[in-house]
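Here is a short report for a first look at this model. Keep the structure in view while reading.

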Amino acid sequence: MNPTWTRFNITSIVLGFAFLYLPIVLLVVFSFNASKLVTVWGGFSTKWYASLFQNQGLMDAAWVTIRVALVSASVATVLGTLAALVLTRYTRFRGRVLFTGMVFAPLVMPEVITGLSLLLLFVAVGLDRGFLTVTLAHITFSMCFVAVVVQSRLLSFDRSLEEAAMDLGAPPVKTFFQITLPVIAPAVISGWMLAFTLSLDDLVIASFASGPGATTLPMKIYSQVRLGVTPEINAACTILIAIVAIGVLAASVVNKQREVQRRRDEQAAQRG
Amino acid sequence: MTNAAASVSASIPADEEKSAGARLLSGIASRLVILVPYCWLLFFFLVPFVIVFKISLSQTAISMPPYTPALDFGAGFAGLTDALKELSFDNYVWLTEDPLYFNAYISSVVIAGISTFLTLLVGYPIAYGMARAPASLRPTLLMLVILPFWTSFLIRVYAWIGILKPEGLLNQFLMGVGVISEPLIILNTYTAIFIGIVYSYLPFMVLPLYSTLEKMDNSLIEAANDLGCTPISAFWKITFPLSLPGVIAGCLLVFIPAVGEFVIPDLLGGSQTLMIGRTLWNEFFNNRDWPVASAVATILLLVLVIPIVLFQHAQAKAQEQDR
Amino acid sequence: MKSLGSIRRDFAPWNDPDAKPYIRFENVTKRFGDFTAVNNLSLTIFEREFFALLGASGCGKSTLLRMLAGFEEPTEGRILLDGQDLRGIQPYRRPVNMMFQSYALFPHMTVEKNIAFGLKQDGMAKADIDARVAEMLKLVKLERFAQRKPHQLSGGQRQRVALARSVAKRPKVLLLDEPLGALDKKLREETQFELMDLQQELGLTFVVVTHDQEEAMTMADRIAIMDKGEVMQVATPAEVYEAPNSRFVAGFVGNVNMFEGAVAERTEKTARITGSTGAQILVENAGDAAKGANVAFAIRPEKIKVSSKKPADDVNALEGEIYDIAYLGDMTVYHVKLEDGQVVRASTMNAARIVEDPLTWNDRAWVSFRPDAGVVLTR
């Protein structure tokens, strides 16, 4: 035990995590509430999940959201990885300052501004609002998050691996696919997952960029939330949380297992 | 445009024809690597701002799209001068005439500022505790901080409605243990907005703080103690000043998006609270006044330019140090 | 006066039964979980002494230093400084200062502010602080760098700032954790002498932790050699080298040839040792090795003579073959393989530039040494 880890430190962590998790836990618990009053416990029930799956509007919205998230996360991962390569490998080219700015600004840009500006772009070029425009909008802001995730991995990447590959005769493009990409793959995968959930969660940008027929799940939830808290929405939220939690936990378990396996291999190698 | 990849492939003397081809290929490839994301961001991030600015200078019209075009690039020079005459700052004048907008900007900046400070107060002890935790525990703690960030923003804000309502869980709890006899009115007040922002943006504050605190060499604190400094004064003289880069990064990560926040004031703040993100939303969706909404966005961007540039600067500096 | 080694110092309070120890470790044990870092250790250090803790990494020497500074508390036993029990006294209340291995210079403060830091904690008057800082800067010859930040200094300069900062408060004891570890070889040698001069000038007690035996030998009045949380020997550098008390110490400090064997004959002063492979060695000053005991005879390479013919005068002479030669400039090291297979290391100073008929690989050779050239080790 680290002697500098005081009771004060432990208390602040416990309180902080309670603050972070309690609202989510309560939300999940009350999705199983039999009572229609969200805040009064009326016994355990899964009826809201049943009625959720019969709600055609929500189901349609969910399907749209998943398709948008799959497509936008995949494209954003490619673009974001390229952007990360540019940030870390090409330190000298005209317009680099502008490029860095365009990668980092969307991370903090208020969503209402991004949403409005993208919408006005789509109108200006005469693109009909719908599935395509939402997807394009999501690619644009989530690729910057992917870029940041991949970039941090590239910064700690041992360049001599690439140099060794090229020294052994692999041209740069081949080197990238055979050496660089496999090494940074975990970061690329977590970048994809981040882009996927960002797209799944987004309300503001989607509201601006989408049109009739491309209502996403957060938009649907939002319009119902405005009318009041209902157990059905709690149930929908719980499912979304569960999907994300399962995804993240599965990823971390896989990572951990790989780590354990690697350590075991290393120990075996040590023993000879 | 010089790059290492091209120069390395150029130095392979072997098969003349093949190396020339490879060089050409890798030259194209490295150019594409830059051009593809560059053009994408130019077109989908930078150009839209120009359009926003352009539309903010045009007139409202009842049509689809609901504004009169301010610039027609097809009409040549004459069209340009005509268009320049057409440009109007009416929307901006309108913003200054109605105190609603001015108040909304001020109140957004103030709310974001107070919330950022509160987030720092809540986040610092957490990040500090994590950095001091046993090394084996740290990845788990880090994971636990990041996890809420993966769950929907909307859902996390929504969860607070059920807690903060007059007949909500917090009031039930407080009245149950007898701390209060009347329910507290928190929902639809500025307090609810503060809680919402602190809650939603906490991971953004904790992560940069943790990464600077974790990197800090513990022997610095020991040295300060050794030289006669009590632990509390060592914190203020050594730990805190050295964590300033993390404090600045965290505060900017919270402050900038909080100024333009829409979901939190809309769901938790009720109709009485004033924030510019919601004003913009209303102008756009309820009043369908796109030019005024664009003008609001342009001014909001101007308000945020300095913090955004500061943020870029901090990011670039951090990247230099990692290199 | 006859002495081990070639130097004789007047400063030797450890030989004076009336001298009062300044620092006293009494049966100190420190455990981290299951791991025992320091095991029931007792040690005394005298005022104005330059004391070195020498050992491989993980031997507990740093833990010992950190317990003195107050960053760790002993699990058992106690530590006395100038008669005062240190238990429970926080690091910031102890009259000792430490120079950290990493230097631990505060990166956001200038050189001047770093040096003034400890003085400010004591609430010293501003004018006095300024005077003391100026004095310290002069002492470490960094007057021109007062306004620099640590990252604008070279490694050697940083080391000197760390030193100035830790002596600025005039502590009763200065603790130095691998003070020269981060410097390159040449700078290290220069700095060793500077540290010694500084210690003389300020009249402070220095406790230095190091894994570099040369550093400890050069600087320290006495050395404690540690292994696995225990002190193996505490003695002057010359004693440690010429009269190690155990196989571990003999092997740890410098190069040594070790002949394992049993005591075959014993007189009051001398002993005849029969090596496990039959070699016969006559030793003077055999200490307490009893007849029949299993012992090791340890002899340093420079005390062994190598010659092509059997020497007439030396009682101890063993025949072998030149197996390896390393020419190092100032000296030459011969590895001679004896008949029984043991390889003996012998070094010869190259006093003359030109040697007639030098020994070369595979030559027959004799190694010889005087009966008082080595020591008998029972432990």
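What percentage of the residues of chain B count as buried? Of its 323 residues, 46% do. A residue is buried if 20 or more other C-beta atoms lie within 10 Å of its own, exposed if 12 or fewer, and partly exposed in between, with C-beta atoms placed from the backbone.

## Ground rules

This is a predicted model, in which local features need pLDDT of at least 70, side-chain atom pairs count only at pLDDT 80 or more, and totals for chains, interfaces and linings use all residues. Residues are numbered from 1 along each chain as its sequence is written, while chains are lettered from A and ligands numbered from 1 in the order in which they are written.

## Chain B

Chain B has 15 helices and zero strands. Both kinds of element are DSSP runs, numbered from the N terminus: helices are H or I with at least four residues, strands E with at least two. Take the contacts in chain B between residues at least 6 apart in sequence: 68% of them join residues at least 24 apart. Two residues are in contact if their C-beta atoms, placed from the backbone, lie within 7 Å.

Helix α9 of chain B covers residues 190-215. Of its 26 residues, 22 are buried, and α9(B) is mostly covered. Its end C-alpha atoms are 37 Å apart, which agrees with the 38 Å that 26 residues should span at 1.5 Å a residue. That expected span is 1.5 Å times one less than the number of residues. α9(B) also has a kink of about 50 degrees at Y201(B), shortly before the proline P203(B). The bend at a residue is the angle between axes fitted to the seven residues ending there and the seven starting there.

## Where the chains meet

Chain B gives 89 residues to its contact with chain A, and chain A gives 68. On the chain B side, helix α2 (residues 16-56) gives the most, with 21 residues. That side divides into 65 nonpolar, 17 polar and seven charged residues. Here Ala, Val, Leu, Ile, Met, Phe, Trp, Tyr, Cys and Pro count as nonpolar, Asp, Glu, Lys and Arg as charged, and the others, Gly among them, as polar.

Chain B also touches chain C, with 14 residues from chain B and 17 from chain C. On the chain C side, β6 and α2 (111-121) each supply at least two residues. α2(C) gives the most, with three. By class, the chain C side has ten nonpolar, five polar and two charged residues.

## The sheet of chain C

Chain C holds an open sheet of six strands with mixed pairing, in the order β6-β7-β8-β3-β9-β10. Strands pair if DSSP finds at least two bridges between them. The edge strands are β6 (96-99) and β10 (230-235), each pairing on one side only. Strand β9 (residues 222-227) meets β10(C) in the antiparallel sense over five bridges. There, A224(C) stands opposite V234(C).

Helix α4 (residues 155-167) of chain C lies across β6 and β7 (173-177), running at about 175 degrees to β6(C). Axes are lines fitted to C-alpha atoms, for helices over the stretch in contact, and angles run from 0 to 180 degrees between N-to-C directions.

## Further strands of chain C

Strands β11 (residues 257-266) and β12 (residues 271-275) of chain C run antiparallel, joined by five bridges. A hairpin links β11(C) to β12(C) through four residues. E265(C) has R272(C) as its bridge partner. β12(C) is also joined to β13 (residues 280-283) by four bridges, again antiparallel. I273(C) is bridged to I281(C) in β13(C).
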